[in-house]
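Work through the exercises below with the sequence and the model in view. Each task is followed by its solution.

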Amino acid sequence: PTPGFANNPTSRVVRIAINEWMPDNASTLIDPSDSRFEDWFELVNLGDAAVDLGQYFLSDDLLDTDKFEIPGGVVIGPKAFMLIWADNDTGANAPGTDLHVNFSLSKDGDAIGLFARDGSLVDAVTFSTLGPDASAGRWPDGSPNLYPMMPPTPGNTNAVLLIMAANKDAS
């Protein structure tokens with residue numbers, strides 16, 4: 001921002017992506033704030049500089065762009081991942097802990113959106129039904145390509161299991 005001065009056309013572009021999500025976490029990852037298995041998703045910063053996400057917004061409804069305001073001081077480092085609990089437990093938010101939002105994810109399909117301070121869309125994903133302990137995400141990290149994550153990789157680089165069928169043709 002440049003209040004009182006000319007706008008700076010060289011301001012850096014924020015490259016944050018919604019990278020992986022698990023809407024039916026039955027036994028994969030325990031939320032350390034309450035020792036329960038709860039929905040989660042992660043963001044990845046694809047850029048080379050840290051980004052202060054304070055006053056950005058997250059939502060599971062792409063028409064409700066200000067559903068959850070990220071508190072000030074929440075920073076995602078360069079090339080780093082941020083785990084977010086979609087557990088309706090914002091009371092668990094505290095400095096130095098994982099972020100908790102005021103919505104959960106539907107295992108029958110849902111959306112996740114990240115919106116800038118001005119309400120513009122930074123990134124969004126929509127997904128269909130996922131079973132217990134199944135996650136989906138982008139591979140490679142931040143790309144538009146969506147795959148099942150096998151195994152789930154919360155807070156880390158996404159991995160997919162590529163199964164190559166052996167050619168059984170004897171010729």
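**Exercise 1.** Which residue in strand 12 is the bridge partner of Leu114?

Solution. This is a predicted model, in which local features need pLDDT of at least 70, side-chain atom pairs count only at pLDDT 80 or more, and totals for chains, interfaces and linings use all residues. Residues are numbered from 1 along each chain as its sequence is written, and side-chain values use heavy atoms, with hydrogens and water left out.

- Strands are DSSP runs of E, at least two residues long, numbered from the N terminus.
- Strand 11 (residues 109-115) runs antiparallel to strand 12, with seven bridges between them; two strands pair if DSSP finds at least two bridges.
- The partner of Leu114 is Asp123.

**Exercise 2.** Describe how Trp21 and Phe127 pair.

Solution. 

- Rings of Phe, Tyr and Trp (its six-membered ring) pair if their centres lie within 6.5 Å; planes under 30 degrees apart count as stacked, over 60 as edge-to-face and the rest as tilted.
- The structure holds three aromatic pairs.
- For Trp21 and Phe127 the values are 5.8 Å centre to centre and 25° between the planes, a stacked pair.
- Trp21 lies in strand 1 (residues 16-22) and Phe127 in strand 12, so the pair ties together parts 106 residues apart in sequence.

Technical notes. Helix = DSSP H or I, 4+ residues; strand = E, 2+ residues; numbered from the N terminus.
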